[in-house]
Structures are given as C-alpha cells and as structure tokens.
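Hi everyone, thanks for coming. Let me walk you through some aromatic rings and their neighbours today.

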Amino acid sequence: MTSSTQSITASPAAAGTDICIVGNGAVGKAAALGLAQAGLRVTLLAPPARQAVTDAASWDVRVYALNHTARRLLSSVRVWEAMDAGRIAPVDNMTVFGDGAPEQGGAGSLSFDAYGARTDALAWIVEDRNLDAALNAALRFAPNVKLVQGRAAALSVSADAATIALESGESIAASLVVGADGGHSWVRGQCDIGLDYRAYGQRAIVTNFSCEKPHLGVAYQWFSPAEGVIALLPLPGDRVSLVWSAPDVLAGQLLALPASELAQRLAAWAGPVLGALAPLQPEVVKAFPLALIKPHAMIAERVALVGDAAHVVHPMAGHGMNLGFADVSALVDTLAAREPQYDCGDSRVLRRYARARKEEVLLMQLATDGLNRIFSSEAEPLRVARNIGMNLVNHLPVLKRRLIAHALGK
C-alpha cells in the first residue's frame, strides 16, 4: 500500500462513509450490519452478483458449524431469526474417532455433548445459502449501509482517510477499510503485510447424503493417516453433510466417483453408526483446496482484516467461519468503545482490535495445524500415543469442559 500522492475524491454515491468493507461473503456482510448498528456509516463494496440457479428444495453442500459466538452476533443483527429454522440442525453431541480399525470406530475416541456442557447445543449446522439469503435480506433494510457493486483497482492512504479507486473510475473514501475478501485478499495484497502460506496437499470433498439410521444430532469425525479427516455433520431429518479432507491424489479419485460409490467408500466408517448412505438429489459433489495462511498482521494503516483475509485454518475443527464472526464482534466492540477524539481508522484503535484477536487466532492455528500433522503420520509409536491421548482426555471432565467452552466461543 502506498501513500496517497494524487487527489482522489470520493464518488457522490459513497460520500460520508466511515468504513468501506471489501468483500461479499458472510463475514463481510455481518460486519456491515454490526458496524452500522453501532452507529457507523458503512459502504459495502462487492463485485457484481451472479444469479445462482438452484433448486429451492435441494440441500446446499457448503455448510458451517456455527458456535455460540456466531449465533450471538447473527442474533444481534437480526439475521439468526430470519434464517429458515427448518433447515438448521443443532449439534447435540460430537464424537471423534482415532485411526484404529474403522469397523471398531477407531482405537481412540473422544466425545462431547451439550448436556454435559450445560448448553442447548454445541453448534448449529447452517447452509451457506440459508445464511446468505438472511444476510442479504437484512442488508436491504439496514440503515447506514450503502451497497456498491464494483471492483477495486487501487488503495491509497493519507493522514485522515483510505481511498479505494474502482475500475469504473469512481472512488470511495473512508476512515477505515475492512478487508473481508477471503484467503486471497486483494485488500491484504495492497498492504505491506507478509504471510506464511503452506498448502496441505489436501482438498475438502463436500456433498450430502440421507442416512439409514437417525443421526440423533451427532456430528461424527474420523482421523485416518492414509485417507485424511472424514466428518459427517447432522442436517435436519435423516440427512448428513460430508466434509472429507482428503489427500490430493485420493481427492481426485473421489471426485471421479458417482456419489453412490462415494457413499459406499464411507460405509466402513459411517455404517456402524448411520447405516447405509444414499446421495441426496440432485447429486452435487464439490471440492476446495486446503491451506494454512498466516498473515503477519491483522491491521495496517487504516486497514483491518477479518475472516479468511486475516487467517485461514484447516477445516477439521469447523471453526473457520466462527473465527471470522469473532473478528467481526471484536471489531464492532473495539470501534464502539473508542474515545471520541479517535476516528475508526486511528492506529491506536486498530491495535486494540489486533490485540483482542491475537490469542484466539493463534490457538486455533496451532490446534488445527498440530492435529493435522499428528494424525497425518503413520508412525506406529505416534499412532499409539495419539489414540491413548484421545482416550485420556475423554476421561478427564475438567479438561473436556475447558475444550468445550473454547469451542462454544464462551
């Protein structure tokens, strides 16, 4: 990012903006709603929307396991209640199996339940489509939010503003630019923020199935050094959503299979607990490459990063979206509590936001990356140690409660 050396004026449509958010995902939209509710004037810059043609009765293969932090944020901006509750499934229990024989459920196991955690649910499984529709509806009626369709071309910063020049020739000036534009963030790329990047050599295979036996609100996860991490998450009714973090070679093989044969591949794991699986119609199987992205900072001069722009972690814990919503909550709280003499982009205010998020983000990066390394090894001593460790934790109530509290966002 370079200092401003030329006069760039804000377009009339965007004049008077406190914050410009770049990005059209759930985290960026939630940030726009939360910051506007805090009394700030927000411009949400997003590329022209594509019209998605979908069967309303079908089930979205991209789902999120939203925790209590995410639910509190979405409730505060009146989005949670606007979602279709009939398409949201609470997770009442989570059972994690180690890498023993699949038909025995793995040699090590660990389980968490909502009753033991003294809460109504561990998480809620929400489709991307359901969440996005509710966010869009809220944005249409949100005061203090201006929606601008366009593509950013350049970012410049002066003493009192950050200005985004658009490809159209217009520009948006704001006290603060929020980068909510994903793992390959354009905003981050305009700033002097280095990053550590490591591809996992895995892809997340996602699709949905019906199950022969009721899932009873249980989320299942299996670790296998050879086949990756397999998760089956409860959907409403006798349906489950698959997230299979598979090594690239295996992922290619799985993508080449009809969904019915993919269901048969899962039988060794899912059969004992869910019975036979059958693809939901229409059959849709997608894949997403997995990587660890650790930017060296979440802030720059008059810039704050949220969501995947600020951190990308392995999906095994299902907390990528939750981290992003926690970023939004922290940013809203930090800006709302700032002293009157400081504007939204003041460096002292932004440093408070960065400090508020440092510990949780670091812990999640270490946990997900460490677990992926541990369970990717086929060394026998490590296999024995990790399964003993899972069984040990499973019998230590105090430690389990601490782990659950962290996962819940409490």
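So, a definition to start: a residue is called buried when its relative accessible area is under 20%. Please keep in mind that this is a predicted model. With that cut-off, Trp 222 counts as buried, because its relative accessible area is 2%. Tyr 220, at 11%, is buried too.

Now, how are the rings of Tyr 220 and Trp 222 arranged? Their centres are 5.8 Å apart and the planes meet at 20 degrees, so this pair is stacked. Ring pairs also bring in Phe 97, giving a cluster of Phe 97, Tyr 220 and Trp 222.

Let's look at Gln 221, which belongs to strand β15, residues 218-224. Gln 221 is buried, at 6% relative accessible area. Leaving aside residues up to four places away in sequence, its contacts include Phe 97, Val 96 and Met 316.

Trp 80 is in the loop between α2 and β5, while Trp 124 is in strand β8, 44 residues away. Trp 80 is buried at 8%, and Trp 124 is buried at 6%.

Finally, the charges over rings. The charged end of Arg 62 sits over the ring of Phe 288, 4.2 Å from the centre. Arg 87 lies over the face of Trp 59, 4.1 Å from the ring centre.

Key
Residues numbered from 1 in each chain as written. Predicted model: local features only at pLDDT ≥ 70, side-chain atom pairs only at ≥ 80, totals over all residues. Heavy atoms only, no water. Helix = DSSP H or I, 4+ residues; strand = E, 2+ residues; numbered from the N terminus. Buried < 20%, exposed > 50% of the residue type's maximum accessible area, 1.4 Å probe, protein only. Contact = heavy atoms within 4.5 Å. Phe/Tyr/Trp six-rings, centres within 6.5 Å; stacked < 30°, edge-to-face > 60°. Lys NZ or Arg CZ within 6 Å of the ring centre and 35° of its normal.
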